[in-house]
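Please look over the chain shown here before reading the report. The report goes from the whole chain to single residues.

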Amino acid sequence: MTDRPDNSPASYHPPSPPPLPSLFLPPQPLLSSHPKTLSSKFSLTPLSLKFHHHHPKAFKFSTTTTAKSTIAVGDKLPESTFSYFDPAGELQTTTVSDLTKGKKAIFFAVPGAFTPTCSQKHLPGFVEKSAELKSKGVDTIACISVNDAFVMRAWKENLKINEEVLLLSDGNGNFTRAIGCELDLSDKPVGLGVRSRRYSLLAEDGVVKVLNLEEGGAFTSSGAEDVLKVL
């Protein structure tokens, strides 16, 4: 008899399949599993960042600059135009000549409307003494500030001032520069910019008779009482 293979499951070993054509082989990786460092002629280095911590400084309104002015006793006040709101709420303009020609006038200036010393002492002092000053022959009492007319009106209303003192806007600082009384507060954090030094002056027919010029925003010699002493 011819030998036949044992077909029992335990002893049957199927032949190995023929090798697959290359078309059916799994794709080979194009890159090595361990990437190499790429060389380049450009060298990239991290930027060094330095952070500077600034500690805020306390705001000081006054300045140590010595008070100097181009205006002096005996000088005639330069012509300039101011703006203000009249009692009817209409915007008006006036000039130095209108306020001083043939008159005895007091001009006092503040660094800024609504600022503490100006609101609590300087302006209220002239309001309080306005009747006494006018009894001594003063025709005009005017407060000047490098603020716009709207701010000056709001300040007047806030302090409940009537017509005792005329609040004038030197909005562009033209008059302040003309008499050499600029006060540069640009380095202060509240954004005041260039304002006016604090002063009071008495002028007769436009000629300065008394000038009390403060250092910066200080308030020591330009109040209503100081003017009353020389009348």
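## Basis of the description

The model is predicted, so local features are given only at pLDDT of at least 70 and side-chain atom pairs only at pLDDT 80 or more, while totals for chains, interfaces and linings use all residues. Residues are numbered from 1 along each chain as its sequence is written, and side-chain values use heavy atoms, with hydrogens and water left out.

## The chain as a whole

The chain contains six helices and nine strands. Both kinds of element are DSSP runs numbered from the N terminus: helices are H or I runs of at least four residues, and strands are E runs of at least two. The chain has 231 residues, of which 36% are buried. Buried means under 20% relative accessible area, exposed means over 50%, and partly exposed lies in between (1.4 Å probe, protein chains only).

The accessible surface is about 15,500 Å², and carbon and sulfur atoms hold 55% of it. Accessible areas come from the Shrake-Rupley method with a 1.4 Å probe; for residues, only the protein chains shown count as cover. Among contacts in the chain with a separation of 6 or more, 64% are between residues 24 or more positions apart. A contact means heavy atoms within 4.5 Å.

## The nonpolar cores

In soluble globular proteins, nonpolar side chains tend to be buried together. A nonpolar core here is a set of buried Ala, Val, Leu, Ile, Met, Phe, Trp, Tyr and Cys residues joined through side-chain atoms within 4.5 Å. The largest one has 22 residues, and those touching the most other members are L123, F126, L133, C143, W155, V165 and L167. At least two residues each come from β3 (104-109), α2 (116-128), β4 (140-145), α4 (149-158) and α6 (224-228). Helix α2 contributes the most, with four residues.

Which residues does F126 contact, leaving aside its neighbours within four places in sequence? They are I106, F108, L133, I141, V165, S200, S222, G223, A224 and V227. Another core, of 19 residues, lies apart from the largest one and includes Y84, A105, A109 and I179.

## Strand β8 and its partners

Strand β8 covers residues 199-204, and five of its six residues are buried, so the strand is largely enclosed by the rest of the structure. Strands count as paired if DSSP finds at least two bridges between them. β3 and β8 run antiparallel and are joined by six bridges. In this pairing, F108 has S200 in β8 as its bridge partner.

β8 also pairs with β9 (residues 207-213), again in the antiparallel sense and over six bridges. E204 is opposite V207 in β9. Two residues lie between the strands of this hairpin, where D205 has a positive phi near 55 degrees.

## The cysteines

How many disulfides does a search of the whole structure find? The search finds zero. A disulfide is a pair of cysteine sulfur atoms within 2.5 Å. For C143, the closest cysteine sulfur is that of C118, and the 7.7 Å between them is too far for a bond. C143 is buried at 0% relative accessible area, and C181 is buried at 1%.

C118 is in helix α2 and is buried, with 0% relative accessibility. Its contacts, not counting residues up to four places away in sequence, are V110, P111, G112, L123, P124, W155 and R198. An unreviewed UniProt entry lists C118 under "active site". UniProt positions are given in the numbering used here, feature names are shortened, and annotations may be inferred rather than shown by experiment.

F114 is in the loop between β3 and α2 and is partly exposed, at 43% relative accessibility. K160 is in the loop between α4 and β5 (166-169) and is exposed, at 69% relative accessible area.

E79 belongs to the segment before β1 (81-85) and is partly exposed, at 49% relative accessible area. Not counting residues up to four places away in sequence, E79 touches T95, V96 and S97. E79 and G206 are 127 residues apart in sequence, with 9.3 Å between their C-alpha atoms.
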